[in-house]
Each structure stands twice: as structure tokens, then as C-alpha cells.
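Here are a few notes to read alongside the model. Have it open and follow the points in order.

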Amino acid sequence: MGAGNAKEAPQEVKDVVEKYFEHFDLNKDGNITMDEIMEYHRKDWGAEFDKKEAEIRESVESDFKGWDKNGDKKISKEEMTIFWTKMFDKQPGSLKWVKF
């Protein structure tokens, strides 16, 4: 994590962040954008995506705002690590439900 964060992220957090980037960083540039997340969901939902696109977009936009701390419209590994570390600190073991 960045110089301002002395705490090392737990391995469980690192694993979840890596899984997110494997699945959502479609162009492999080290960041995740809204478009990449929506494209992932388009493929995952298949024909049902068009019917649920507005609902999916609303959910993704809400999550995205929580992850994109600097507001640059991209999620970095550091931003996602900070987010999931806070979640993990609140409830150790809480990341076990994250599945892909």
C-alpha cells in the first residue's frame, strides 16, 4: 500500500484484490473502470443483461464510488486494497463470501 499506509494488508485481502483485477481489469492496464465492470457483467449475465442493465449499473455505480477514492474514474489496486482492508478489519473473515 502507499507510503501513507504503514499497515500491511492481510493475505485474504490481497487474494480478493487479485481476483477482482483478474476478472474486471479487461485491458490489463492495472486499473478497473466502470466500462470494464459493465462489460464483465454483460458477458456474465448474457441475454438477461439487457433486461437488468439499469439495475446492474446502479449497483455498480454505488460500489464504484466507494472504491474510487480519488475520483479519477479508475480503481487502482491500492484503492481496492484500502477498501477491502477496512471491510476485513470490521469483520475478520468477511471476505470468504467473495466469489467469482
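What percentage of the 100 residues of the chain count as buried? The value is 34%, where buried means under 20% relative accessible area, exposed over 50% and partly exposed in between (1.4 Å probe, protein chains only).

1. **Ground rules.** This is a predicted model, where local features need pLDDT of at least 70 and side-chain atom pairs count only at pLDDT 80 or more, while totals for chains, interfaces and linings use all residues. Residues are numbered from 1 along each chain as its sequence is written, and side-chain values use heavy atoms, with hydrogens and water left out.

2. **Layout.** You'll find four helices and two strands in the chain, in the order α-β-α-α-β-α from the N terminus. Helices (H or I, at least four residues) and strands (E, at least two) are DSSP runs, numbered from the N terminus. Among contacts in the chain with a separation of 6 or more, 52% come from residues 24 or more positions apart; contact means heavy atoms within 4.5 Å.

3. **The aromatic rings.** Six aromatic pairs turn up in the structure. Rings of Phe, Tyr and Trp (its six-membered ring) pair if their centres lie within 6.5 Å; planes under 30 degrees apart count as stacked, over 60 as edge-to-face and the rest as tilted. Take tyrosine 20 and tryptophan 67: their pair is edge-to-face, with 5.6 Å centre to centre and 75 degrees between the planes. That pair links distant parts of the chain, since tyrosine 20 sits in helix 1 (residues 11–24) and tryptophan 67 in helix 3 (residues 49–67), 47 residues apart. Both tyrosine 20 and tryptophan 67 are buried. Ring pairs also join Tyr20, Phe24, Tyr40, Trp67, Phe83 and Trp84 into a cluster.

4. **Helix 1 against helix 4.** How do these two helices cross, left-handed or right-handed? The crossing of helix 1 and helix 4 is right-handed (left-handed if the near helix is turned anticlockwise from the far one by less than a right angle, right-handed if clockwise). The contact is made by Glu12, Val13, Val16, Val17, Glu18, Tyr20 and Phe21 of helix 1 and by Lys77, Met80, Thr81, Trp84, Thr85 and Phe88 of helix 4. Two of the residues listed there meet in another way: the charged end of lysine 77 sits over the ring of phenylalanine 21, 5.5 Å from its centre. For that, NZ of Lys or CZ of Arg must be within 6 Å of the ring centre and within 35 degrees of the ring normal.

5. **Two buried residues.** Isoleucine 37 belongs to helix 2 (residues 34–45) and is buried, with a relative accessible area of 5%. Leaving out residues up to four places away in sequence, isoleucine 37 touches Phe24, Ile32, Val60, Phe64, Trp67 and Ile75. Asparagine 31, in strand 1 (residues 31–32), counts as buried at 17% relative accessibility. With the same exclusion of residues up to four places away, asparagine 31 touches Phe21, Asp25, Glu36, Lys74, Ile75 and Ser76.

6. **Two lysines to check.** Most residues other than glycine have a negative phi. Lysine 28, though, has a positive phi of about 55 degrees; it lies in the loop between helix 1 and strand 1 and is exposed, with a relative accessible area of 55%. Lysine 73 has a positive phi too, near 70 degrees. Lysine 73 is in the loop between helix 3 and strand 2 (75–76), and counts as exposed at 62% relative accessibility.
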